[in-house]
Protein chains: 2
Amino acid sequence: MASTKITVNNNGSLKIQGDFEIVDREGNVYDLAGRDVLGLCRCGHSKNKPFCDGSHNGNFQHEAVAFALPPKKV
Amino acid sequence: MASTKITVNNNGSLKIQGDFEIVDREGNVYDLAGRDVLGLCRCGHSKNKPFCDGSHNGNFQHEAVAFALPPKKV
């Protein structure tokens, strides 16, 4: 079992839980203040990106159903 | 060091790398075909959600700079 689980919420955020860190492109780490569960914005509307602030409500539609990615190109 | 690293790309995707799994709300697992690095959409425009397909290009602006979240509410 993976140590980090990412749940794709319907019409909403990505729920991240487990053993992870979040960094910007410079490699600077977001201080999560001890959180090991949080929501990341996947709709582009949050005013607190990369974190979810609930702005998806009524503004974003995507029902997530698991599928298989194609094989990696070699 | 965390076993999964999430990099917030500027004007683009979330890069996920490490030991993770991605599931839908029913708990069904996305078959990543062995990938341990991939991009998740954070702009809402991808036609291959939750994965990035490059649709952010020219359509999404967010320069990510790491910051500290407030303390958790008790």
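The model is predicted. In it, 48 residues of chain B are in contact with 48 residues of chain A. The area buried between the two chains is about 4200 Å².

**Interface between chain B and chain A**

- Carbon and sulfur atoms give 61% of the area buried between chain B and chain A.
- Between chain B and chain A, 28 residue pairs are in polar contact, with both residues at pLDDT 80 or more.
- The count of salt bridges between chain B and chain A is zero.

**Strand pairing across the chains**

- Strand 1 of chain B pairs with strand 3 (residues 20-24) of chain A in the parallel sense, over five bridges.
- Within strand 1 of chain B, B:Lys5 is the bridge partner of A:Glu21, and B:Thr7 stands opposite A:Val23.

**Strand pairing within chain B**

- Strand 1 and strand 2 of chain B run antiparallel and are joined by five bridges.
- B:Lys5, the bridge partner of A:Glu21, also has a bridge partner in strand 2 of chain B, namely B:Gln17.
- These two strands of chain B form a hairpin with five residues between them. In the turn, B:Asn11 has a positive phi of about 55°.

**Burial**

- Strand 1 of chain B is mostly covered, with four of its five residues buried.

Conventions. Residues are numbered from 1 along each chain as its sequence is written. Chains are lettered from A and ligands numbered from 1 in the order in which they are written. This is a predicted model: local features need pLDDT of at least 70, side-chain atom pairs count only at pLDDT 80 or more; totals for chains, interfaces and linings use all residues. Side-chain values use heavy atoms; hydrogens and water are left out. Contact means heavy atoms within 4.5 Å. Buried area is the accessible area (1.4 Å probe) that two parts lose on being put together, summed over both. A salt bridge is a side-chain nitrogen of Lys or Arg within 4 Å of a carboxyl oxygen of Asp or Glu. A polar contact is a pair of N or O atoms within 3.5 Å; within protein, one must be able to donate a hydrogen and the other to accept it, and residues adjacent in sequence count only if both atoms are side-chain atoms. Two strands pair if DSSP finds at least two bridges between them. Buried means under 20% relative accessible area, exposed over 50%, partly exposed in between (1.4 Å probe, protein chains only).
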